[in-house]
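Welcome! Here is a short tour for anyone meeting this structure for the first time. Have a look at the model first, and then we will walk through it together.

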Amino acid sequence: MLILSRKINEKIKIGSDITLTIIEVRGDQVKIGVEAPKHVKVFREEVFQAIQDENKAAAASAVSAQSDLSVLSGLLDQ
């Protein structure tokens, strides 16, 4: 992990097309502005994790549904 110190209005570049700007520091909170191309998705970590969890649950549900359909199909063939 790279750790950087920045002051208000100072920036951090990630590659050539992503810029982070420190907007405000108040107590233990920091407001950060993110400039990135539209094709780059930017999420807070907890939101990203929730999306990943939902995707895994949906995939597991789809596998379960496919298995249920296979069982039903087998019963119909009998």
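Strands here are runs of at least two residues that DSSP marks E, numbered from the N terminus, and two of them count as paired if DSSP finds at least two bridges between them. With that in hand, please keep in mind that this is a predicted model. The protein chain holds one helix and three strands, and from the N terminus on the elements follow the order β-β-β-α.

- The three strands make an open sheet in the order 1-2-3, with antiparallel pairing.
- Strand 1 (11-14) and strand 3 (29-35) are the edge strands; each has a single partner strand, so one side of each has no neighbour in the sheet.
- From one strand to the next, the twist averages 25°.
- In general, the strands of a sheet pair through backbone hydrogen bonds, in either a parallel or an antiparallel way.

**How the strands are joined**

- Strand 1 and strand 2 (residues 18-26) run antiparallel and are joined by four bridges.
- Across this pair, I14 sits opposite I18 of strand 2.
- Strand 2 and strand 3 also run antiparallel, and seven bridges join them.
- Here V25 has V30 of strand 3 opposite it.
- The hairpin of strand 2 and strand 3 has two residues between the strands, and G27 in this hairpin takes a positive phi near 65°.

**The largest pocket**

- In general, rolling a probe the size of a water molecule over the atoms shows where empty space is left.
- The largest pocket has a volume of about 170 Å³.
- Which residues line the largest pocket? They are I14, I18, L20, V30, I32 and V34.
- Sorted by class, the lining has six nonpolar residues, no polar residues and no charged residues.

**The chain as a whole**

- The protein chain has 78 residues, and buried residues make up 8% of them; buried here means under 20% relative accessible area.
- Among the contacts in the protein chain with a separation of 6 or more, 2% are between residues 24 or more positions apart.

Definitions and conventions: Residues numbered from 1 in each chain as written. Predicted model: local features only at pLDDT ≥ 70, side-chain atom pairs only at ≥ 80, totals over all residues. Heavy atoms only, no water. Axes fitted to C-alpha atoms, helices over the stretch in contact; angles between N-to-C directions. 1 Å grid on protein atoms, 1.4 Å probe; cavity = no way out; pocket = protein on both sides within 12 Å on 5 of 7 lines; lining within 4 Å. Points joined across faces, edges and corners; volume = space filled by probe spheres on them. Nonpolar A, V, L, I, M, F, W, Y, C, P; charged D, E, K, R; others polar. Buried < 20%, exposed > 50% of the residue type's maximum accessible area, 1.4 Å probe, protein only. Contact = heavy atoms within 4.5 Å.
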